[in-house]
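This report goes through one protein structure, part by part. Please keep the sequence and the 3D view at hand while reading.

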Amino acid sequence: MVEQLTFESTWDVPNTWQQGRGAWGGLPVRAMVDAVVRNEDARREVRSIAVHIPEPVFPGAHRMHTRLIRRGSAMSMWQVDVIRESENLTVAFGQVVTGEDKELEFDPPTATWGTAVFPQVPGFDQVEVAPIRPPFGPEFGQHLEFRPITPLPTMGTEALVYGWINLPQRTEVGTHWTAAQLLSIVDAWWPSPYTLMKSMRPVATVSFSANLLIDPKDIEPIAGERSPLLHESSVSSVQGGFMSELRRLWTPDGRLAVENLQSIMVIK
């Protein structure tokens with residue numbers, strides 16, 4: 001018999017986390033992961049998430065409908081719907097995959113399989129913090145810490161971004177990253193095409209998928225606080241205003257923590 005479990009909870013979307021009309025996309029991503037973690041067996045760690053946000057997620061009361069779709073021998077899949085209370089409208093939905101660490105042995109070792117290369121960039125302590133907040137940046141930017149390496153929007157020559165990012169203590173106290181924090185903050189940087197564009201034209205994320213490739217507890221704190229992460233993003237190609245953007249988060253010691261693929265549409 002297939003196990004079916006459903007959980008209901010509430011989520012009051014906070015103010016001051018907006019990006020345009022609705023909340024920054026990383027906020028519902030984090031809420032979905034948190035909802036699954038609350039209800040999943042602790043032995044099954046979060047592995048990936050795929051999300052669609054068809055409506056703006058406004059500040060205020062929402063319901064979280066979390067359902068176990070399937071629990072297999074090695075992994076589980078969950079469906080999470082975010083529903084605006086005032087209209088009984090689904091504004092975001094996603095699938096979260098969890099899995100157990102089977103501690104399998106491979107020849108050659110899995111540590112040798114990866115082909116992604118850590119970028120050669122200045123360390124976070126060599127890059128100044130930039131004030132990414134209104135009127136220059138989105139409202140949610142005030143809660144995060146950005147250290148841009150490549151040029152700011154409209155000031156570069158290619159759709160490529162490098163920069164250090166963190167969730168500072170002033171926003172949330174803690175020394176270690178969580179799965180929900182990592183999978184959400186990969187969405188925090190501005191789209192890499194903004195570096196190249198002559199003006200910041202409105203865009204929308206069509207789809208978002210991200211893989212967690214590290215145990216968050218293995219990211220060592222620095223000076224008693226969460227370690228900054230290196231953000232890397234670039235556009236693969238564009239057709240008719242529809243583009244594919246690849247994003248990565250790296251630890252300071254060169255390990256790939258999160259890989260994210262976004263489909264982005266230029267609205268006008």
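The model shown here is predicted. In this model, a polar atom of the Asn-260 side chain lies 2.7 Å from the backbone oxygen of Ser-209.

Asn-260 belongs to strand E13, which covers residues 256–266. Is Asn-260 buried or exposed? Buried means under 20% relative accessible area, and the value for Asn-260 is 1%, so Asn-260 is buried. Leaving aside neighbours within four places in sequence, Asn-260 is in contact with Val-186, Phe-208, Ser-209, Ala-210, Glu-245, Leu-246 and Arg-247.

## The sheet

Strand E13 is also part of an open sheet of 11 strands. The order of the strands is E1-E5-E6-E7-E4-E10-E13-E12-E11-E9-E8, and the pairing is antiparallel. Which strands form the edges? The edge strands are E1 (5–13) and E8 (145–148), each of which pairs on one side only. From one strand to the next, the twist averages 25 degrees.

Strands of a sheet pair through backbone hydrogen bonds, either parallel or antiparallel. Several pairs can be followed in the model. Strand E4 (residues 44–52) and strand E7 (residues 89–100) run antiparallel and are joined by eight bridges. Within this pair, Val-46 stands opposite Thr-98 in E7.

Strand E11 (residues 229–239) pairs with E9 in the antiparallel sense, over six bridges. Here Trp-164 has Leu-230 in E11 as its bridge partner.

Strand E11 is also joined to strand E12 (residues 242–250) by nine bridges, and these two strands run antiparallel. How many residues lie between E11 and E12 in their hairpin? There are two residues between the strands, and Gly-240 in the turn has a positive phi of about 60 degrees.

## Salt bridges

Side chains of opposite charge can pair when their charged atoms come close. A search of the whole structure finds 13 salt bridges. Among them is a network that links Arg-30, Asp-34 and Glu-172.

Asp-34 is partly exposed, with a relative accessible area of 27%.

In another link, Arg-30 forms a salt bridge with Glu-172, and the closest N and O atoms are 2.8 Å apart. Arg-30 lies in helix H1, while Glu-172 lies in the loop between strand E9 (160–166) and helix H2 (179–185), so this pair ties together parts that are 142 residues apart in sequence. Glu-172 is partly exposed, with a relative accessible area of 25%.

## A further salt bridge

Another of the salt bridges involves Glu-45 and Arg-47, whose side chains meet at 4.0 Å, N to O. Glu-45 counts as partly exposed at 29% relative accessibility. Arg-47 is partly exposed, with a relative accessible area of 29%.

Notes
Residues numbered from 1 in each chain as written. Predicted model: local features only at pLDDT ≥ 70, side-chain atom pairs only at ≥ 80, totals over all residues. Heavy atoms only, no water. Helix = DSSP H or I, 4+ residues; strand = E, 2+ residues; numbered from the N terminus. Buried < 20%, exposed > 50% of the residue type's maximum accessible area, 1.4 Å probe, protein only. Polar contact = N/O pair within 3.5 Å; in protein donor to acceptor, adjacent residues only side chain to side chain. Contact = heavy atoms within 4.5 Å. Pairing = 2+ DSSP bridges. Axes fitted to C-alpha atoms, helices over the stretch in contact; angles between N-to-C directions.
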